[in-house]
Amino acid sequence: MNKDNYDPRKGFEALRRGFENREGRTLEARVALLEALDRILTKREQDLESALRRDLGKPPIESYLSETYFVRNELRLICKNLARWSKPKRRRSPFFFQPASSWVSREPFGVSLVAAPWNYPFQLSMSPVIGSLAAGNSVMLKPSELAPATANFLAEVAHELDSPERFQVVLGGPEVGSACLELPFDHFFYTGSERVGRLYGEAAARHLSPSVLELGGKCPAILHHDAPVAETAKRIVRQKFFNAGQTCMAPDYVVVPEQLHESFVNKLTDHLRESYPDLTDLGRIVSHEHYTRLETLIEEEAKSIGQDEPEGLQLAPRLLPNAGWDIPAMQGEIFGPILPVISYTDLSDTIARVKSHGSPLALYLFSRDRAWAEGIAAEVPSGGICFNDVMKQGINLDLPFGGV
Ligand code: NAD
């Protein structure tokens with residue numbers, strides 16, 4: 001959609017008319033729409049890859065795994081199972097109602113607004129869009145203005161799909177998002193920061209509509225003294241620096257027992273040097289504003305793996321090996337290639353500090369001692385937990401995803 005002459009209200013009205021037309025949302029029509037979407041995405045895979053490279057310098061393997069493959073896999077899973085999932089579910093009826101039958105049928109909300117962030121600009125836009133279309137809603141998508149090439153790609157996909165009564169893309173920044181929040185959507189699906197999430201929550205309350213808010217947070221990795229140091233360091237490095245650390249469920253910081261601290265930092269350094277001999281395999285920071293914000297979190301004694309390239313917004317991976325709870329990097333979500341390592345002697349004090357940052361989206365616990373790990377899992381409320389690895393809980397389509 002051309003953002004200069006696109007009117008969200010007119011778009012909303014077209015989507016409302018589309019939703020009122022029940023023929024457009026029969027099971028067959030929904031599957032046909034998703035299959036058409038799949039064909040367009042298959043045909044335009046290379047265009048998507050170059051858009052992601054332009055926006056975030058994503059290496060092709062990262063684009064494929066976390067964006068293209070993820071979404072197409074979900075599309076196919078839904079097409080395969082939609083008929084079964086859509087069937088009404090029988091319920092028992094009390095004997096004094098007999099003869100009677102009871103069932104629960106699944107109905108769409110109506111017209112849904114999906115607002116997406118920039119860090120996985122394709123996946124975090126299309127995954128909720130696909131779910132919403134599959135359920136029979138009409139959908140308006142507002143992608144992030146900070147990933148403009150991908151946002152334009154998504155608008156072109158909507159244009160090619162040519163179902164403006166079912167799916168529209170609105171381009172622009174906060175002012176366009178604000179205009180959308182004035183419209184009486186029947187469902188709000190927001191992914192992004194807590195600050196803006198509140199605006200979506202408030203708008204949903206004003207319109208008395210349900211909402212999903214997928215927010216960020218500070219995800220900790222906690223090691224027990226029996227954690228295998230080399231393997232743990234390798235697994236943390238592999239996932240923390242994916243997409244240059246700009247992943248909502250990446251480990252934000254690591255807490256390690258004092259006796260493992262030195263060997264763990266050495267192993268992290270070795271794995272980082274091995275994984276990123278130069279910056280070609282590391283994505284870039286999304287904007288100058290975020291680059292500058294991240295620079296202020298880097299302390300003097302930070303260990304840098306490689307050279308920064310500020311013009312290309314490439315920030316070399318950093319370890320903050322002797323981090324404390326009071327440093328700037330521990331005051332909010334980092335969302336970049338910087339990893340503080342905090343050593344501890346007193347576990348209960350550590351748990352209290354972890355909890356003081358609020359409930360994380362993910363918690364990573366490394367130990368061979370199941371009782372130790374389960375004890376911490378019970379104590380720290382978190383959206384998801386992965387034992388002895390990182391991010392696997394968020395990638396498994398058979399597990400739910402979200403905050404607490
Ligand atoms: P953001 O809040 O700046 O933007 C998200 C969307 O909201 C964008 O489309 C933006 O244009 C729109 N927006 C911004 N201001 C608005 C306003 N005033 N009114 C209406 N819409 C407005 O978030 P971001 O910086 O793009 O995303 C980063 C955050 O998202 C991080 O905190 C990260 O942890 C979180 N995140 C969470 C998940 C998850 O699944 N839980 C996934 C990815 C990112």
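**Ground rules.** I am reading a predicted model, in which local features need pLDDT of at least 70 and side-chain atom pairs count only at pLDDT 80 or more, while totals for chains, interfaces and linings use all residues. I number residues from 1 along each chain as its sequence is written, and side-chain values use heavy atoms, with hydrogens and water left out.

**Whole chain.** I found 14 helices and 14 strands, which are DSSP runs numbered from the N terminus (helices H or I, at least four residues; strands E, at least two).

**Salt bridges.** I searched the whole structure and got 18 salt bridges, each a side-chain nitrogen of Lys or Arg within 4 Å of a carboxyl oxygen of Asp or Glu. I looked at Asp38 and Arg76, whose side chains meet at 3.1 Å, N to O. Because Asp38 lies in helix H2 and Arg76 in helix H4, the pair ties together parts that are 38 residues apart in sequence. Asp38 is buried at 14% relative accessibility, whereas Arg76 is partly exposed at 43%.

I then turned to Asp389 and Arg235, which form a salt bridge at 3.6 Å, N to O. Asp389 sits in the loop between strand S14 and helix H14 and Arg235 in helix H9, so this pair links parts 154 residues apart in sequence.

My last pair was Arg370 with Glu374, with the closest N and O atoms 2.9 Å apart. These two residues are four apart in helix H13 (residues 370-379), which means about one helical turn separates them.

**Surface patch.** Which residues form a negative surface patch? I listed Asp278, Asp281, Glu309 and Glu311; patch residues have over 30% relative accessible area and no salt bridge, and like charges are joined within 9 Å. I placed Glu309 in the loop between strand S10 (303-304) and strand S11 (318-320), and Glu309 counts as partly exposed at 40% relative accessibility.

Terms used: Patches are made of residues with over 30% relative accessible area and no salt bridge: like charges are joined within 9 Å, nonpolar side chains (Val, Leu, Ile, Met, Phe, Trp, Tyr) within 5 Å. Accessible areas come from the Shrake-Rupley method with a 1.4 Å probe; for residues, only the protein chains shown count as cover. Lys and Arg count as positive and Asp and Glu as negative; His and the chain ends are not counted. The place of a charge is taken as NZ of Lys, CZ of Arg, CG of Asp or CD of Glu. Buried means under 20% relative accessible area, exposed over 50%, partly exposed in between (1.4 Å probe, protein chains only).
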